[in-house]
Amino acid sequence: MRVLVIEDHAGLARNVARALRDSAAYAVDMSPDGQDGLFMAQSTPYDLILLDLMLPQMDGLAVLRTLRASSSRVPVLILTSRDDKETTVALLNAGADDYLAKPFDIGEMVARCRALIRRSHGQAAPRIQVGDLLVLPEQMTAARAGEPLELTAMEYRLLEYMAHRPRAVLSKTELLEHLYDYNWEKFSNVLEVYISSLRRKLNRNSLAPLIHTLRGRGYVLVRDRSSVTSA
Amino acid sequence: MNLPIRIRLSMSYFFIFAAASTLLAGASWYMAQRSLQFELDHEMEERIDDVRDFVAAQGLIGDEAKARATIAAEFGLKDEGKWLQIEDTHGRWIFRSRHMLAAPHGIPPAASLPAGGSYFDFWGMDEPVRSLRRAFTIDGHVWVVETGVSLQKTDRVLAHFRDDLLLIAPMVLLMAGLAGHLLSRRALDPVAAIAREAQRIHEGNLQSRLPRLKTRDELAHLSTTLNDMLERIESGVRSVRDFTAHASHELRTPVALIRSEADLALHFDRSPRECREAIAVIGAEARQMSSLLDSLLFLARVDAGTEAAQLENVDAQQVCAGASRKWRAHFRTADIQFSVELPPAPLIVVADNLYLPRLLNIILENAGKYTPAGGMIRLSLTSDRGNRARFEIADNGVGISPLDQAHIFDRFYRAAAARATRTTGSGLGLALAAWIAARHQTKIEVASALGAGSSFSWTLPLISGTAGAVSAEELGGHLSPEQSSSCVA
């Protein structure tokens, strides 16, 4: 999952980003002002945007409205210093998905982010089940056939993203866009390395393969490969 | 009167109309009566002229018997049923009509009658009669004639006319009352509409306005005036809201940072070094917050009017020297070259002993914030034009764009460049500086260009030396009205 934090207070933005990286394994980009933030939000397919309201250049509400006017469906969590009823109503009416009043609990923020991402993928249960694969975003762990998997942060990020979109063919570009932040050197063969190590860990005890390669199209996470072509 | 305007208007309309129509009815009755009477009088005059002409033409003077016979023959027939009597010079009867015989009365002697004759009202044959008595002279003989007309017919006409008036009057008045009511309602309906609309507007929908009336009358003026007032109220409320929003943003964001810093340090495995870093961040942010709180409280006192400058004689050279001592070390750490140019002798100005250093601190702090390492800041104090001391703080830092220059003294305003490069600073410092300058009856002049640095300067009246300098007492009297009022309280 890749998240954008638009917040002008550098210290707070850094802490939010850190919490999201450490406790949710998200790739995080940061933007210090509204205009830059809007540009980033429009040029990259983020899975979630955290948006401060009082921003230089362009205020958060304008960013939100512009985003929604361009029919962007990315979930937006507002970080606001106003928690009066009218502001909240105005925000939700302008297309925000949720809001957090400053100062907020960092754990609550991460939980809300998880919930928003889950919802945006049409998922209601906190655990993701694909066949005998179980992904637990809360603990950043996964298990196959009851056996916990030993995953690195990057492997987990890849698996979580794929588990959120089972049976969908995920192109390499899409995976790269959702797994790495701007500061990452984009060598696509790195992705292949992660895919293969993830495959190895998933197929332990000679279980049926879950990740399949569709040559020239991408990857798909599914228990029964025959269902892919029809999907 | 506590009655609604609508009722009062209808009532006044009714009363005025009633008075006017009564007057008009009375006047028309009077005029009708007068013209009828005029007509009667004219008829009687003609009749007398008729008699005179007849007497003269027939040559009846002197021959009484002939006169009696001729006149009786002529007028007995002609004036059947009318009132007529004729007397000769000696007061003897020449002719009396039958009516006159039924109610006989004499005629006053000719000498007592005025030239135009005199009118006489009497009652005869069960009807009111009006008569004209007039004398005429033929060949030196004075005859007197009285002719009368029954008033019965004219009285009946007038009575009819009066009855009709009395019948019509209540109907007219009723219509007048109704029309008055409708008119006042028509006139006041827009007022009621404006009142209804005005009632609808409250704190939550201050942006709504009263309907603009297309008419160019007093009511349109009223609604425009009310709209202008709403505009002012709205802008006042908006500025309070903006201030609250800004203040809460500026206070909540550092708290959010402190909290997140603590959360991260506590919930994740952190090395002692990382923990120390977190604590340092928290400490710095807390200091930042307390200075922000100071500024906010200061502004609150300013707005409440409890802050007042106490102007007295202050040595500007000393104040500048103190400020430069305070900031020299800070600028050295920031690798900024700091030069101070002060006059050799004390320079006594009229200023507040606490606010002047504060003003210097704000401007110096500001200069330090927007001057990158390697830059320079210069503080200078000069005697400007002999009777004013000029303070100037110039830097070669980032500078301020002309667009931002108009707003830098606004509360919570931070130039885009300032926001992008720095997170410290709330945007309150220069607002306070402007207030302090205003309390000293001076203005902070800004000269700046983006990338070339900025210069802030202001002047204060000098005490010593030149003539024409103002004393602290003189200025102090009208500079701090709050102070004098608080003394009374």
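**Exercise 1.** What percentage of the 231 residues of chain A count as buried?

*Solution.* The structure is a predicted model. A residue counts as buried if 20 or more other C-beta atoms lie within 10 Å of its own. In chain A, 40% of the 231 residues count as buried.

**Exercise 2.** How many helices and strands does the secondary structure of chain A have? Then find what part of its contacts with a separation of 6 or more comes from residues 24 or more positions apart.

*Solution.* Step 1: chain A has nine helices and 11 strands. Step 2: residues 24 or more positions apart account for 58% of the contacts with a separation of 6 or more.

**Exercise 3.** Is A:Ser71 buried or exposed? Locate the residue and describe its phi angle.

*Solution.* Step 1: A:Ser71 sits in the loop that runs between helix H3 (60–69) and strand E4 (76–80). Step 2: its phi is positive, about 50°, although A:Ser71 is not a glycine. Step 3: the cut-off for an exposed residue is 12 or fewer neighbours. A:Ser71 has 6 C-beta neighbours inside 10 Å, so A:Ser71 counts as exposed.

**Exercise 4.** Repeat the steps for A:Ala145.

*Solution.* Step 1: the loop between strand E8 (141–144) and strand E9 (147–148) holds A:Ala145. Step 2: A:Ala145, a residue other than glycine, has a positive phi near 50°. Step 3: A:Ala145 counts as exposed because it has 11 C-beta neighbours inside 10 Å.

**Exercise 5.** Which residues does the cis peptide bond with omega of about -5° join?

*Solution.* Step 1: the bond joins A:Lys102 and A:Pro103. Step 2: A:Pro103 lies in the loop between strand E5 (98–101) and helix H5 (106–120).

Terms used: Residues are numbered from 1 along each chain as its sequence is written. Chains are lettered from A and ligands numbered from 1 in the order in which they are written. This is a predicted model: local features need pLDDT of at least 70, side-chain atom pairs count only at pLDDT 80 or more; totals for chains, interfaces and linings use all residues. Helices (H or I, at least four residues) and strands (E, at least two) are DSSP runs, numbered from the N terminus. Two residues are in contact if their C-beta atoms, placed from the backbone, lie within 7 Å.
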